[in-house]
Amino acid sequence: MRVARHSFYEATARKRIDGLLDAGSFREFCGPAARIVSPHLPALGMPVAFDDGVVVGEGTIDGRPVLVAAQEGGFMGGAVGEVHGAKITGLLERALDVKPDAAILLLDTGGVRLHEANAGLVAMGEIQRAALSARHAGVPVIVAIGGKNGCYGGMSIVARSCDWIVASEEGRLSISGPEVIETVEGIEEFDAQDRALVWRTMGAKHRRLIGEIDALVADDVEAFRTAILGFVGRPRPLDLDALEAEHEMLSRRLERFWDCADGRDVWARLGVNDPASVPALDAAGFNGLVDALSGGRP
Amino acid sequence: MLETAKTARVWDTLERSYRARIERGAAFADGKTVRRDEIVSFLEAVIEPGDRVCIEGNNQKHADFLASSLAKTSTDAIRDLHIVQSNIALPPHLDVFERGTARRLDFCYAGPQGLRMARLVGEGKIEVGAIHTYLELYSRYFCDLTPHVSFVAADAADADGNLYTGPNTEDTPAIVEATAFKSGVLIAQVNRLVDKVPRVDVPGDWVSFVVEAPKPHYIEPIFTRDPAVITEVQVLMAMMVIRGIYEKYGVTRLNHGIGFDTAAIELILPTYAQDLGLKGKICQYMSVNPCPTLIPAIESGFVESIHCAGSETRHGGLYGGALRRVLHRPRRHDALEPHLLSARRPLFRSLIGSTLQIDLEGNSSTATLSRITGFGGAPNFGSESRARRHGSEAWLKAGREQRLSGEMPRGRKLVVQIVETFGDGMSPTFVERLDAWELQKTFDMPLPPVMVYGDDLTHLVTEEGIANLLLCDTMEEREQAIRGVAGYTPVGMKRDREMVARLREKGAVQYADDLGVDKRFATRDLLAARSIKDLVAWSGGLYDPPSRFRNW
Amino acid sequence: MEHLEFDYDGTGEKPARALALAGVVGSGNLEVLIEAADLGGRCAAVVDTSVRGFGETWRQVLADFFARHGLSDVRVSINDGGATPAVVSLRLDQAAAEIKDAQA
Amino acid sequence: MSGAIERVLADLFGDGHGVVRDGGTLTGVARFDGRTVTVVGTADRAVIGADVALKLARAVLDAMRDEPGRPILVIVDNAGHRLSRRDELMANNGCIAHLTRCLDAARRRGHRVIGLVHDLAVSGGFMATGLSTDLCFALPGSEVRVMAPAAMARVTKIPLERLEELSAANPVLGPGVENFIRVGGLEGVWDGDLKARFREALSRPLDGADMRRSLGESRGGRTVAARIAAKVRAGASS
C-alpha cells in the first residue's frame with residue numbers, strides 16, 4: 001500500500017526519531033533494555049514504561065552530529081517525572097561535552113507528571129537550565145512540536161528558552177491547558193470543547209503569527225526534518241542585547257494586542273485581510289501569508 | 001328513540017380541546033409567534049396534565065430550547081406527562097421526569113443519558129412503556145401514541161408558521177403530520193424568524209405556534225467519527241469484511257452502522273479495496289447516516305450514491321459539498337405513508353454494524369446491566385425482510401448458502417455484526433447469556449431487549465476471523481462457529497477445537513489467512529484519511545467539521 | 001497491578017537481533033520488549049499489567065504467540081495498560097517480526 | 001504565614017529601602033551591607049500573567065544594565081501563573097520564559113540571584129521565579145506545591161486519602177516546603193536572623209553547576225535523577 005506521508009502527529013517517539021535522523025545513525029542512551037523506569041509509579045498502582053516515556057540518544061541528520069530527545073506522548077501524556085526529566089537534562093548537559101551541531105527536543109507533553117509532581121517540577125527547572133547552558137556553549141537547541149499533547153505546562157517555558165521552535169499546524173504551545181482554564185475560571189472564560197477556539201488561542205498558526213515559533217510545517221516527518229535541518233548549526237545570540245530585543249518584541253505585542261479578545265482580532269491587526277480563513281489554510285498557503293505580511297515576524 | 005345514541009358520544013372532543021389550547025396560548029403570542037420571554041407560561045397554558053408530548057430529539061437535531069423550557073414549568077400546572085420521543089439525549093429530557101413534570105416514557109434510544117435513565121427507572125420516576133425501534137414508535141404516533149403537543153426544531157419560520165428545516169430534516173415530517181392531522185398542538189422552535197422562508201418544508205397550516213430560540217438548535221454530531229482514533233485491530237477487521245463478505249458476495253447495495261468498525265471499512269475502500277480491483281464491484285450504493293468517513297470513498301468515485309436522512313452540521317456538514325456527487329437523495333416523506341415506513345428503512349440488502357454483547361445463538365444487544373440505551377434503527381436494518389425478492393448476486397448467493405429445503409430458489413439478506421472479542425475494560429463481548437435477560441426482569445419488560453436476533457444474523461466478524469452462520473447446519477455448529485471467532489474470551493476458550501477445525505474446512509469459520517488477508521498490512525497507513533483534517537482535504541475544503549473535532 | 005511470569009518450550013531458531021520493542025504503555029495499549037536471552041532453548045515472559053485477574057488469558061495468548069513464531073532463547077517483557085488480547089497479539093507479532101529480521 | 005512582605009523587607013533592608021509595590025508586583029533597589037541589591041517579585045499570592053512577567057523581566061534587565069554583579073533578590077509569592085484566555089493569547093509561556101531567561105542570564109553574568117518564598121509558590125509560578133535562581137529559600141510557614149491535593153486527587157483519579165497517605169511516605173508527591181527541600185528544589189528555610197541568612201547566601205561559593213539533583217539525592221528526596229542524568233551525559237547505553 002502506498003503511504004503519501006508519514007504523519008508526525010501519529011508517529012511514536014521512536015518513529016519520529018527514525019524519520020528525522022539518517023537511517024541507522026541513532027544510538028540510544030539508557031534504552032529500554034536498561035529498564036530505567038519510574039521508581040514512583042508502582043506505589044501508585046500505575047504501569048511503568050521501560051524508557052519512562054522519553055527516548056534520548058545521538059545520531060546524525062544529513063551527516064551532521066546531533067543529540068536528540070523525543071517524548072512519547074502516548075505514555076502518561078508525555079509528562080515529565082523524575083527519570084524522564086533526568087534523561088533530558090543529562091542529554092542537554094552532554095552537549096557541553098561533545099558540542100554537537102544541535103540538540104533537538106521533540107516535545108509532546110502536558111508538562112509535569114502529577115504522580116511525581118515535585119520531582120517533575122524541579123526536573124523541568126533543570127532541563128531549562130541545561131538547555132540554556134548548551135546555548136551558552138554555542139550549541140543550538142531546536143524544539144519540534146506536533147504531537148497529540150502539544151507542549152504545555154513547564155515544558156512550554158522550556159520550549160521558549162531554546163533557540164528555535166518548529167511546529168506543525170496540529171501543534172499547540174501554551175502554559176495552561178484549555179480544560180484547566182475552563183475548570184478553574186468557568187466556561188465563559190474558556191470553552192475547552194471549542195477546539196477551533198483552542199487552536200486560535202494556542203495553536204501553531206497563531207504562535208507563528210505572533211512570533212512565538214519560527215517555522216510552521218505540514219504534519220509530515222519529512223517536513224519536520226527539512227525545517228529542523230535548516231536550524232542545525234545556527235545558534236541564536238543570548239546576550240544582553242538579544243534579551244533587550246526580545247523584551248521589546250514582547251512588550252510591543254502586549255501593547256498592540258492586549259485588548260484583543262480572539263486570535264482573529266490579533267491577526268486582523270497584524271494585517272491579515274481575511275482572518276477567518278487562516279485556520280483552513282494549509283502549511284504552504286499559511287507560510288505564503290506569513291511571508292506577505294511585512295517582515296514576516298511582528 | 002335516538003336520544004340515547006345522541007348523548008353517547010361527542011365527535012369533536014379533540015377539535016374543541018385544540019381550540020381551547022390555541023386560545024389559551026394566544027395570550028402569550030403575537031399571531032403565531034410566541035414571545036420568547038413568556039415561553040414557560042405559554043407552555044403551562046397549552047399543555048395539560050397527563051398529555052402525551054413529543055420533544056423532537058432525533059439522532060442529531062434537538063428542540064433543546066423547548067425541552068429546557070418544559071423543564072422549568074410548574075408541576076402545579078403540568079405533571080404526569082407521557083413523553084413519546086425517539087431520542088433521549090439532553091439532560092432536560094430527564095429533568096422533566098426527575099421533577100415530576102412527566103412520568104411515562106416511550107422511546108427508542110438514550111445514548112449518553114443511559115446511566116441516569118437506568119437510575120430514574122430504578123427510583124420509580126420513569127415508567128417505561130417500551131423501548132421501540134424508530135419504525136414502531138413513529139408508526140404508533142399515527143395510531144395510539146399520537147402526541148397532544150409536539151415540539152419540533154426548524155431553521156426558519158415566517159409569520160404564518162411555514163417552516164424551513166434547512167439541511168437537516170430528519171424525522172420532523174413524521175412528528176408534524178402525526179400531530180397536526182389529529183388536532184395536536186405543534187410548536188416549532190426556529191433559529192430565525194424571516195419574512196419569507198427559502199422553501200416551505202412544513203406548511204404553516206399545520207403549525208400552531210413558533211418561537212425564535214435564543215441559540216440555534218442543538219445538533220449532536222453522532223455521525224462524526226474521528227479517523228484518528230481508529231485502531232489497527234479495526235483496520236484488520238475491515239480488511240476481513242472486504243475480502244470475506246463484500247468481495248465474496250459482490251455486495252453492491254448496503255447499509256452501514258455508525259461505529260468506528262464500519263468507519264474503518266469506509267476508509268479503506270479507496271485504498272485496500274481499490275487495490276484489490278473492487279471498485280465498481282462492491283459498495284456502490286449505500287443507505288447510511290451521513291458519516292463523514294465516507295467522504296474519501298465518495299470523492300474517489302468508489303461509492304456512487306448515498307441515501308441518507310439528515311446531515312450533521314448547520315453548515316450542511318457532509319452535504320456542504322462532499323456529497324455533491326450524490327445522485328439520489330430523496331426528501332424523506334416516509335412519514336406521509338406511515339405504513340410504508342416499515343418497508344422503506346430496510347430497503348437495502350446488507351447491514352453491517354456493531355454491538356456490545358453477543359450470545360451463543362448470535363443474539364446481540366447494546367443494553368447491558370447498568371445502561372439502557374436502546375437500539376435506534378438497527379433492529380429494522382438488522383433483520384431479514386421476508387417479503388423482499390430480487391435478483392442481486394449477494395442476495396442469491398447468500399440464499400444458496402443457506403440451503404433451505406425445497407426446490408424454490410430463495411435469497412437471503414446479509415446481516416453482519418462486526419465486533420472485537422473484548423470491549424472497554426476487558427469486558428468480553430461474547431457471553432453465554434445476554435444481560436438483556438436480567439434487564440427484562442429488572443425493568444419488567446415484555447421481552448429481553450435484543451437488538452438483532454440470532455436467526456437474522458448471517459455473519460459475525462471479529463479480529464479473529466469470520467463466522468458464516470449460513471453454513472452452520474445445526475445449532476451446535478452455530479455455537480462452535482461463534483466460539484471459534486470469540487478469541488480469548490471465556491466463551492472462545494471453551495471452543496471444541498476439533499469441531500472448529502471441521503467448520504473451518506467447510507468455510508463456516510474463516511481466519512485471516514483463509515481470507516487472503518495479510519495481517520502485516522493492518523496498519524493505520526491503510527486509511528484513506530487518518531484525521532478529520534484529511535477528510536476536509538478530501539472534500540476540497542467543503543466539509544466543515546464540528547469544532548470539537550478539530551485540531552487546527 | 002499484577003505481576004505474572006511464564007515459561008515455555010522453545011520451538012525454533014534463536015533471534016537474529018538482540019532486542020526489539022513494540023507499542024507504548026497507555027490505556028488499552030502495552031509495550032512489548034523482546035530480547036535474546038540464554039535460556040537453554042526455552043522462552044520466558046514477564047508481564048506487569050494494570051488489570052488483575054487475567055493470568056490464564058495471558059498464559060494462553062503467549063503460548064499461542066510462541067507456537068506461532070517458533071522462537072527459542074527469547075525473553076518477552078510486557079508493561080500493560082489494559083490492552084485486549086487482540087492488541088497484545090498484534091504487538092507481540094510486531095516485536096517478533098522485528099527481532100527475527102536480520103536486515104533491519 | 002510569615003507576616004507581610006513589608007516586614008520581611010524591613011528586616012532585611014531597614015525602613016529606607018526603595019522597593020516599590022505596584023499591585024501584586026515588587027520592584028526596586030535596596031542597600032545591604034553597603035551594596036545595592038535589586039529586589040523583584042510578587043506579593044499577596046499574585047498570579048503571574050504576561051504583563052507581570054514582563055515587568056519583572058524589565059527590572060532584572062535594568063539590574064544587569066545598571067551594575068554588573070549586583071545581587072538580585074527574587075521574592076516568590078504567587079498562586080501560579082494567570083489562568084486566562086487573554087494571557088494565553090499573548091503567550092504567557094513566552095513571557096515567563098523571557099523572565100526566566102533574564103534571571104538565568106543574570107546568574108551567568110555574575111549576579112548572585114537569591115530566591116525567597118514568602119507564603120506560597122505554585123507550579124508555573126515557582127518555575128517562573130524560584131527555580132531560576134542560584135539558591136532558593138523559603139520563609140517558615142510558607143508552602144510550595146504543584147497542585148492542591150484535592151485537585152490532584154481528581155486529576156490522577158487516586159482517592160484523596162490514599163494520595164495523602166502516599167505523600168507522607170514520598171516527598172515527590174505532596175505539597176510542602178519540606179518536600180521541596182528534600183527533592184532539591186529549595187535550599188532550605190530562613191528562620192531567625194534574616195540578614196545573616198541573606199549574607200551567607202550572597203557569599204556562598206558557587207561554581208554555576210546545577211546542584212539540585214545531587215541535593216535531592218543526598219537528602220533522599222530524589223534518589224535516581226542525579227545518577228541517570230550522569231549516565232546519559234556519559235552516553236551510556238545502559
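A residue is called buried if 20 or more other C-beta atoms, placed from the backbone, lie within 10 Å of its own, exposed if 12 or fewer do, and partly exposed in between. The model is predicted: local features need pLDDT of at least 70 and side-chain atom pairs count only at pLDDT 80 or more, whereas totals for chains, interfaces and linings use all residues. Residues are numbered from 1 along each chain as its sequence is written, and chains are lettered from A in the order in which they are written.

**Exercise 1.** Determine which strands pair with β3(A), and describe the setting of β3(A).

*Solution.* Strands are DSSP runs of E of at least two residues and helices runs of H or I of at least four, numbered from the N terminus; two strands pair if DSSP finds at least two bridges between them.

1. Six of the eight residues of β3(A), residues 64–71, are buried, so the strand is largely enclosed by the rest of the structure.
2. Eight bridges link β3(A) to β2(A) in the antiparallel sense, with A:Ala69 as the bridge partner of A:Val56.
3. The hairpin of β2(A) and β3(A) has two residues between the strands, and A:Asp62 in the turn has a positive phi of about 55°.
4. β4(A), residues 102–107, runs parallel to β3(A) and is joined to it by five bridges; A:Ile104 stands opposite A:Val68.

**Exercise 2.** State how many residues each chain gives to the contact of chains A and D.

*Solution.* Residues are in contact if their C-beta atoms, placed from the backbone, lie within 7 Å.

1. Chain A gives 74 residues and chain D gives 66 residues.
2. On the side of chain A, α3(A) supplies the largest share, 13 residues.

Terms used:
Two residues are in contact if their C-beta atoms, placed from the backbone, lie within 7 Å.
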